[in-house]
Amino acid sequence: MTPTNKLTIKDDKVVYEQDPQNMWTLDIDKIKFIGEYTTSAGPMADDWFFVFADTVDQWWQAPTLAVDHEQFWKQLGEKLNCEIAPGLFASTNWATRLIYPK
């Protein structure tokens with residue numbers, strides 16, 4: 001079976017699915033922060049990731065390749081009532097950035 005590897009919004013939840021057995025969901029109204037980070041692993045491996053957290057010690061991540069950037073970030077921004085825009089797309093080394101809250 002080919003992995004799905006998709007980050008979407010369904011029913012006011014962020015949903016990441018690698019395949020039917022490997023997935024996570026997070027209620028959008030519980031999101032405390034969204035961040036992004038890069039590594040120097042590219043271009044042969046995933047090197048840009050998004051992190052979502054609802055508490056200090058509970059967080060989830062997804063690779064950027066799982067995201068339909070235009071649709072996902074616009075839809076999530078509407079639900080969080082703010083503009084959300086990742087900004088590390090050109091980074092080739094380790095970097096981190098907070099996306100939300102502003």
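# Reading a sheet, a helix and an aromatic cluster

Guide: Helix 1 (residues 69-80) lies across strand 4, strand 5 and strand 7, and runs at about 20° to strand 5. Keep in mind that this is a predicted model.

Visitor: What is the order of the strands in the open sheet, and is the pairing parallel or antiparallel?

Guide: Strands of a sheet pair through backbone hydrogen bonds, either parallel or antiparallel. Here an open sheet of four strands has the order 6-5-4-7, and the pairing is antiparallel. Strand 6 (58-63) and strand 7 (95-100) are the edge strands, each pairing on one side only. From one strand to the next, the twist averages 25°.

Visitor: How many bridges join strand 5 to strand 6?

Guide: Six bridges join strand 5 (residues 48-55) to strand 6, and the two run antiparallel. To find a place on this pairing, take F50, which stands opposite A62 in strand 6.

Visitor: Which strands form a hairpin, with two residues between them?

Guide: Strand 2 and strand 3 form that hairpin. Strand 2 (residues 13-19) pairs with strand 3 in the antiparallel sense, over six bridges. Y16 has W24 in strand 3 as its bridge partner.

Visitor: Y16 and W24 are both aromatic. Which residues form one aromatic cluster?

Guide: The cluster consists of Y16, W24, W48, F50, F52, W60, F72 and W73. Aromatic pairs are read from the distance between ring centres and the angle between ring planes, and planes under 30 degrees apart count as stacked, over 60 as edge-to-face and the rest as tilted. The structure holds nine aromatic pairs. In one of them, W24 and F52 have ring centres 5.8 Å apart and planes at 50°, so this pair is tilted. The pair links distant parts of the chain, with W24 in strand 3 (residues 22-27) and F52 in strand 5, 28 residues apart.

Visitor: Are W24 and F52 buried or exposed?

Guide: Both W24 and F52 are buried. F52 also forms an aromatic pair with F72, an edge-to-face one with 6.4 Å centre to centre and 85° between the planes. That pair too links distant parts of the chain: F52 is in strand 5 and F72 in helix 1, 20 residues apart. Like F52, F72 is buried.

Visitor: Now a residue in a loop. Where is T64, and why does T64 count as buried?

Guide: T64 is in the loop between strand 6 and helix 1. The test for burial is a relative accessible area under 20%. T64 counts as buried because its relative accessibility is 11%.

Visitor: What is T64 in contact with, leaving aside its neighbours within four places in sequence?

Guide: With those neighbours left aside, T64 is in contact with W48, F49, F50 and H69. The side chains of T64 and H69 make a polar contact of 2.7 Å. W48 and F50 are also members of the aromatic cluster.

Visitor: T38 is another threonine. Where is T38 found, and what is its relative accessible area?

Guide: T38 is found in strand 4 (residues 33-38). T38 has a relative accessible area of 0%, so T38 is buried. Neighbours within four places in sequence aside, T38 is in contact with D47, W48, L88, S91, N93, W94 and A95.

Visitor: What separation do the C-alpha atoms of T64 and T38 have?

Guide: Their C-alpha atoms are separated by 9.8 Å, and the two residues are 26 residues apart along the chain.

Key:
Residues numbered from 1 in each chain as written. Predicted model: local features only at pLDDT ≥ 70, side-chain atom pairs only at ≥ 80, totals over all residues. Heavy atoms only, no water. Buried < 20%, exposed > 50% of the residue type's maximum accessible area, 1.4 Å probe, protein only. Contact = heavy atoms within 4.5 Å. Pairing = 2+ DSSP bridges. Axes fitted to C-alpha atoms, helices over the stretch in contact; angles between N-to-C directions. Phe/Tyr/Trp six-rings, centres within 6.5 Å; stacked < 30°, edge-to-face > 60°. Polar contact = N/O pair within 3.5 Å; in protein donor to acceptor, adjacent residues only side chain to side chain.
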